[in-house]
Amino acid sequence: MISNTMQQQVKNSSIIRAMFEEGKRLAALYGAENVYDFSLGNPNVEPPEEVKKAIIDIINEENSTALHGYMNNSGFEDVRGAIADSLNQRFATEFSADNILMTVGAAGGLNVIFKTLLNPEDEVLTFAPFFGEYRNYVQNYQGQLIVVSPDTRDFQPNLEEFKEKISPRTKAVLVNSPNNPTGVVYSEETIVSLANILRAKQKEYGTVIYLVADEPYRELAYDQVEVPYLTKYYENTIVGYSFSKSLSLPGERIGYLVIPQEAADYENLIAAANIANRILGFVNAPSLFQKVIAKCLSAQVDLETYNRNRELLYNALVSYGYQCIKPEGAFYLFVKTPIENDVEFCNLAKSKNILIVPGTSFACPGYARIAYCVAYETIEKALPGFKALILENQR
Ligand code: PLP
C-alpha cells in the first residue's frame with residue numbers, strides 16, 4: 001500500500017540497512033569489541049563541556065514556558081543574531097538575524113531550501129562522490145538530481161563536465177566541502193572557477209542558479225587548511241550548516257540556513273523558507289538546542305582525536321599499498337578498492353569483521369568509504385584485516 005516513490009526509496013536504503021543488520025549479527029557472533037564498524041558518520045568524540053554547562057544554565061535560568069514554547073518559524077531572534085555576529089567575525093561577512101533560519105540539522109535545511117526553490121523537473125547539479133541522501137532530498141520535491149562524474153585524480157569537482165551539464169532548467173548546484181565521503185576540501189581556486197562558470201551560465205540562459213553549500217563538516221578541518229566561505233565568492237549562495245558534527249550533536253537535530261541579502265529574490269526566498277520550515281512539519285528547530293548552540297558558538301570538539309585516527313589509518317593503509325587521497329577534513333577516508341567491484345570488496349571486508357561502505361552508495365564505484373570517527377583501538381585492531389585484504393585481493 002505504500003506509494004510508488006517510497007517503494008523505490010525503501011529499496012535504495014537497503015544497503016545501509018543491510019550493513020546495520022550485519023553489524024548486529026557479527027557482534028552477536030564475535031562480540032561487539034571484535035567488530036570494526038567504520039560504516040557510520042556518527043561522531044565518537046564527546047560534545048564539548050560548554051554544551052552540558054549551557055543546557056544546565058539555560059534550564060535553570062530561562063523562563064520555561066518561553067524556552068519550550070513555539071516561536072517564529074525561523075527561530076529565536078537572539079539566537080539568529082548571535083549566529084550572524086559569529087559568522088561576521090569569522091568570515092568578514094555582513095549578516096544579521098534576518099539572514100539566518102534555524103533548521104532541523106543540515107538535512108532539515110536542505111529540505112527547506114529545495115521545497116522553497118524547486119518546481120517539478122527542475123535540475124539540481126551535484127558532484128560525485130556525494131552524500132547519498134541528496135537524491136532523496138531532491139526527489140522529495142520532484143526535482144531531478146544531475147550528477148557530475150568524479151575527478152578521481154584529486155576529487156575536486158570536475159568543472160569541465162559541470163559546464164556541459166548546466167542547462168536552462170538548472171535551479172541549484174549543491175556542493176559539500178569538507179566532503180563526505182572523500183574528506184577533500186574544495187580549494188579557493190575551484191570555488192572561484194565554479195563561481196565564474198555559474199555567472200556566465202546565468203547570463204547565457206537569463207536564469208538564476210543558486211549555489212547551495214552543505215557544510216556540516218566546516219569545523220572539522222586539519223593542518224590549518226582554509227575552507228572558503230562561499231557567500232564571498234558567489235552572490236546567489238545559500239549555506240546549510242549543522243552542529244551534528246561540529247559539536248557532536250547529531251541526535252539533537254540543530255542547524256541553520258544562511259540566506260544572504262545579495263541572493264536573487266531574497267525577500268521572497270526568506271519568507272518562503274520560513275513557511276517551508278513550518279509546512280514540512282518541522283515548524284521550528286528544537287527550542288532548547290537553539291539556545292544551547294548560541295552559547296557554544298566558539299566551542300569545539302577535540303579535533304586532535306579525529307586527527308590521530310586520520311594519521312594512523314591513512315599512513316597504515318598507504319604503507320600496505322592502498323591508494324587514497326589524504327583527507328583534509330571531515331572524518332572519512334575514501335580508498336580505491338584493490339578489486340574493481342567495490343560492493344564485493346566490502347563483502348570481503350565483512351568476512352574480516354570490517355564494515356565499510358561501497359563507493360557505489362556515493363555514485364563512485366571502485367572506492368570504499370571508511371568512517372574513522374571510532375576509537376583509536378578499533379583502527380589498531382582492524383589494521384591487520386585491512387592488510388590481509390589487499391594482500392589477498394589485487395586488481
Ligand atoms: N550532509 C552531509 C554531507 C552529511 O554527511 C550529513 C550527515 O551525515 C548531512 C548532510 C545531514 O546532517 P544533519 O545531521 O545535520 O542533518
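What share of the 395 residues in the protein is buried? In this predicted model, buried residues make up 44% of them.

**Overall build**

Let's start with the whole chain. The protein is built from 14 helices and 12 strands. The C-alpha trace spans about 60 × 55 × 50 Å along its principal axes. Among contacts with a separation of 6 or more, 74% join residues 24 or more positions apart.

**The core**

The largest nonpolar core holds 110 residues, and Leu257, Ile370 and Tyr372 touch the most other members. Helix H6 (residues 105–117) supplies the largest share of this core, with seven residues. Because domain 1 (4–47 + 301–392) and domain 2 (49–294) both contribute residues, the core lies between them. Take a look at Ile370: leaving out residues up to four places away in sequence, its partners are Phe38, Leu313, Tyr332, Leu333, Val335 and Ile356.

**Around the ligand**

Helix H6 comes up again here, giving the most to the shell around the ligand, with three residues. Of the 13 residues in this shell, Gly105, Ala106, Ala107, Ser242 and Ser244 come nearest. By class, the shell divides as follows:

| Class | Residues around the ligand |
|---|---|
| Nonpolar | five residues |
| Polar | seven residues |

Conventions. Residues are numbered from 1 along each chain as its sequence is written. This is a predicted model: local features need pLDDT of at least 70, side-chain atom pairs count only at pLDDT 80 or more; totals for chains, interfaces and linings use all residues. A nonpolar core is a set of buried Ala, Val, Leu, Ile, Met, Phe, Trp, Tyr and Cys residues joined through C-beta atoms within 7 Å. A residue is buried if 20 or more other C-beta atoms lie within 10 Å of its own, exposed if 12 or fewer, and partly exposed in between; C-beta atoms are placed from the backbone. Helices (H or I, at least four residues) and strands (E, at least two) are DSSP runs, numbered from the N terminus. Domain bounds come from an automatic or database domain assignment. Two residues are in contact if their C-beta atoms, placed from the backbone, lie within 7 Å. A residue is near a molecule or strand if its C-beta atom, placed from the backbone, lies within 6 Å of it. Ala, Val, Leu, Ile, Met, Phe, Trp, Tyr, Cys and Pro count as nonpolar, Asp, Glu, Lys and Arg as charged, and the others, Gly among them, as polar.
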